[in-house]
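Keep the structure open beside you as you read.

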Amino acid sequence: MAFRTTWIEEKRIIYTEMIGTMTAQEAQDISDAHIKFLTEGTAPVHLIVDLSQLKEVPTNLRQNTSMASYLQHPSLGWTVLLGGNVLLNFMLSILGHVFKFRYVKRATLEEALSYLVSQDQTLVTARERLTALN
């Protein structure tokens, strides 16, 4: 599996794209990357995760819970999910209940950015980007 994590809006919105089949080690690597970005960011830091090209994930719920420690990071704001299969969405709903983090699903990156701007009026760059698209 490959993943890419970057800033969409510096220090405020993280974008992670996941492609292929995820191993337990890769899930831990993603969690570690998210912790690094969340620590470097300016709270609240929002996360957009593109799952549309992700084929498989580890199915051990206990293991997934231990690898998702970034969901309890004090800087984490909203998490917006793009795509994802039925099993993945089910596991994320369980993790949402366990960690009590705020997440929504949206169909496109533009819809994700629009949602975040509606929730956080301080997202200046994202707001300007959306205005330019319309």
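In which loop is the place of Lys 11? In this predicted model, Lys 11 belongs to the loop that connects strand E1 (2–9) with strand E2 (13–21).

Take a look at the backbone there: Lys 11 is not a glycine, yet its phi is positive, about 65°.

## A cis peptide bond

Now move along to the loop between helix H1 (24–40) and strand E3 (45–56), where you will find Pro 44. The peptide bond that runs from Ala 43 to Pro 44 is cis, and its omega is near -5°.

## Rings that meet

Aromatic rings come next. A pair of such rings is described by how far apart the centres are and by the angle of the planes. The model has three aromatic pairs. One of them is formed by Trp 78 and Tyr 115, with 5.3 Å from centre to centre and 85° between the planes. That pair counts as edge-to-face, because the angle is over 60 degrees.

Trp 78 lies in strand E4 (residues 76–82) and Tyr 115 in helix H4 (residues 109–119), so this pair links distant parts of the chain, 37 residues apart. Trp 78 and Tyr 115 are both buried.

## A charge over a ring

One last stop: the charged end of Lys 36 sits over the ring of Phe 37, at 5.6 Å from the centre of that ring.

Note on methods
Residues numbered from 1 in each chain as written. Predicted model: local features only at pLDDT ≥ 70, side-chain atom pairs only at ≥ 80, totals over all residues. Heavy atoms only, no water. Phe/Tyr/Trp six-rings, centres within 6.5 Å; stacked < 30°, edge-to-face > 60°. Helix = DSSP H or I, 4+ residues; strand = E, 2+ residues; numbered from the N terminus. Buried < 20%, exposed > 50% of the residue type's maximum accessible area, 1.4 Å probe, protein only. Lys NZ or Arg CZ within 6 Å of the ring centre and 35° of its normal.
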